[in-house]
Amino acid sequence: MTTTLIITGMHCASCKALIEDVCSEIAGVRSCSVDVAKGEAVVEHDESVAPSLLAKEIEGLGKYGVRV
Amino acid sequence: MQVTLRVTNLTKETAKNFENVAASIENVMAVDTWPGRAEIDVLKEEAIPAIVAALRASGFEVRTENETAVSAGQADETHHVYVDGMTCRSCEITIERKFKRVRGVRRADADAARGVVKLVCEGGCVPDIGELRGALKGHEYSVRRVGAGDAEPQGERPSFMRLVGLFAFVILLGSLLSKLGLFRQQFNVAGSMSLAAALTLGLVAGSSSCIAVSGGLLLSSAAKFRERYGGLSATGRMRPVFMFVAGRTLSYGLLGGAIAAIGKAFTPSPLVTGALIVAAAVFMLVMGLDMLKIAPRWLKSVLPRMPKSLSHRILDAEGKEHPVMPFLLGASTFFLPCGFTQSLQLYALTAGSFLKGGLILGAFALGTAPALLALGWASSSLKGKAGRLFFQFSGALVIVLGLWNVQNGFTVAGYPLSLPELGTGAVAAGNGANVDVPEVVDGVQVIRMAVGGSDAPYSPDTLTVKAGIPVRWEIDGVNVAGCISYLQSRKLGIGIQLRQGLNVVEFTPKTPGTYAFSCSMGMFRGTIEVVS
C-alpha cells in the first residue's frame, strides 16, 4: 500500500536524504520518496506497517511535523 | 524487563530472521530490531545469558549493553573527524546516523558549523577513514581526515579576556613599531636602478608597511589552510605559502614588464584603488574573525564560496587545496597599493623594455619573499600551544590590519572615515591645523605644506582656503619617498608625483566643504577645508 505523509520543517536536500534514509530502514517499507518543495513523502510499504509508525519515526528526528 | 543488545551483523535484510530466531527462544516476550541493535522484552533477568548464547548459536554477533559498556569503559577514545559539506542540522543528523553504524563507534556528535564530527569509539578502536568514507557513500559529504582524540580541533574560541589581551598586544606592538619609525621608512627611487637595488628595496619593503596589506592577505589565507589541512606534512602545509609568493613574484615580473612595454601604469583611478583596498580589508576582517572563531554564523554564509562542482574539481582525492587559489591571491597583490611598489611601477614606466621592467619588479617581489615566507612558515609550522597562540595572534592582527585598510581605502576613494587611531599609529597625527584663510595676492591664495619632514608626514595636515578663488598649493618635499611621494585627492582632482624641493599644485575649489588628500596608500592623510 502507499501512504502520503505531509511533512513540515524540511528545507533542504539533506532533509530529504535524511528522511528517505530513516524511512526506508523501517522494516516493511519498500520505498520512500521525499519531495522537499511539496513537503511530502510518498511511502510504499507492507500492510503490516502502520502509517502512524512512519510518522512517529520521522517526528523522532526532532524537528519535523508529520501528518498522514 | 527489556534489554538492549548490540548485534553487529543485524541489518535490514537479516532483521526478519533475527526476529524469528529471537522470538522462538525461551523467556523472550517481544523483539524489536534496528540496524545493529535489538530490544528484547524478557521474562526474567536470569534468562539473558541463555538468550544471548542462543542468538550467537544462530550466527548473530551479540553483545549486551553491559558488556559493551565494560569493554568500552577501559578506554573510550574520542576522535575528531573532519567532514566537508555539512551545512545544516539535517546534515549533522544524517552523518551521526551513518557514523554510528561504523564498527566500533559508540557515539557520534556532528558540528556542521565547524565541520567536525566527534566520534566516541570503543577501547582500542581507531576508526578507519576508508570505512567512514564508505559510510557516507552516496552523500555529498567528504571525510577529510581523522584527527587524534585528545587534541581539540584547532582554533577553539578564545575567552573574552584572551581576546582583549590579543588585541591589546597587537595594538601595543603596532604603536611601538610605528614609534620606532618602521612605518615611516622612506626610500627614493631615482635615476637608474640595478636589480640588486630592487631586490634590496624588496627586502626592506618586506619588513615595512607594505607587508600590512599583502602580509595580511597571506596570513589570513595561510592560517586558513593550516587550519583546514593541518594533517598534512610540513612541506604540504608550506605549499600554499610558496604558491602565494610564486604568484606574487610572477605577476610582478609579468605586469612590470607589461607596464614598461605599454608605457602606461596600471594605476586605476583612486576610486577603484580605494574599493580594492576596502575589498581586501573586508576579506581580512572576515578571515580574522573566522580565525578567532568569533565570526557570527551569518557572516560565514555571506563569505563567497566556490561552486560545488568547481571545488570538487580543484580539490583532489586527498583533500588538498589546489595551488591555484593562493597563487591567484599572491598574483593579485600587484594591484594592492603600497608606496614601494608604486614608486617601482613608475620606474618601470621609464624602463623602456618588457624585460627590464619585468626584471626590476620581479626582483623587488623576490626581495619581499623572505619576509612573507617567514610569516607563512610561522603560521603554518608552529605547533601546539605556541601554534595556537600564533594563530590567534594572527587573527587579531589580521582584524586590526583589516580595519586599518578599510580606513585607508575610504580615504583613497575620497571618503575619509574618522575611526579612532588604530594601533599602527602611522595615521597622520594632528599636527597644527592652519585654520586661517590665506591672504589673496594677485587673485591667488597661497597655501604651504611640508611633506615628509621629521615631525609629521604632512605639516600642517589641515589647510583652509576660500571657495571660488584660485589656489596655489606650494608643497615642500622635505623627504619624499615611498607612498608619500604621491599626493592625491580624488574630489579635488589632484594626483601628482612629488619631488624633493618645491612642488606646486594649482586648483580652484568651487564648493565649500572638507576635502581629503592622502598618500597613494591612504596611509597618510590630511584635509583641505574650503570655506565660503
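Tutor: A helix here is a DSSP run of H or I with at least four residues, and helices are numbered from the N terminus. The model is predicted.

Student: Which helix gives the largest share of the lining of the second largest pocket?

Tutor: Helix 1 of chain B does, with five residues.

Student: How is such a space found, and about how much space lies in the second largest pocket?

Tutor: A probe the size of a water molecule, rolled over the atoms, shows where empty space remains. In this structure, the second largest pocket holds about 1600 Å³. Its lining numbers 45 residues, and those nearest the centre are E25(A), W34(B), P35(B), G36(B) and R37(B). Elements giving two or more residues to this lining include helix 2 (51–59) of chain A and, in chain B, strand 2 (28–34) and helix 3 (65–74). Domain 1 (2–71) and domain 2 (75–147) of chain B each supply at least three lining residues.

Student: How many residues of each class are in that lining?

Tutor: The lining has 22 charged, 14 nonpolar and nine polar residues.

Student: Which residues make the contact?

Tutor: Helix 1 of chain A contributes S14(A), C15(A), L18(A), D21(A) and V22(A). Helix 4 of chain B contributes S90(B), C91(B), I93(B), T94(B), R97(B) and K98(B). By class, the contact residues are five nonpolar, three polar and three charged.

Conventions. Residues are numbered from 1 along each chain as its sequence is written. Chains are lettered from A and ligands numbered from 1 in the order in which they are written. This is a predicted model: local features need pLDDT of at least 70, side-chain atom pairs count only at pLDDT 80 or more; totals for chains, interfaces and linings use all residues. Side-chain values use heavy atoms; hydrogens and water are left out. Contact means heavy atoms within 4.5 Å. Ala, Val, Leu, Ile, Met, Phe, Trp, Tyr, Cys and Pro count as nonpolar, Asp, Glu, Lys and Arg as charged, and the others, Gly among them, as polar. On a 1 Å grid over the protein atoms alone, a cavity is a set of points where a 1.4 Å probe fits but cannot get out, and a pocket is an open set with protein on both sides within 12 Å along at least five of seven lines; lining residues have an atom within 4 Å of a point. Grid points are joined across faces, edges and corners, and a volume is the space filled by probe spheres set on the points. Domain bounds come from an automatic or database domain assignment.
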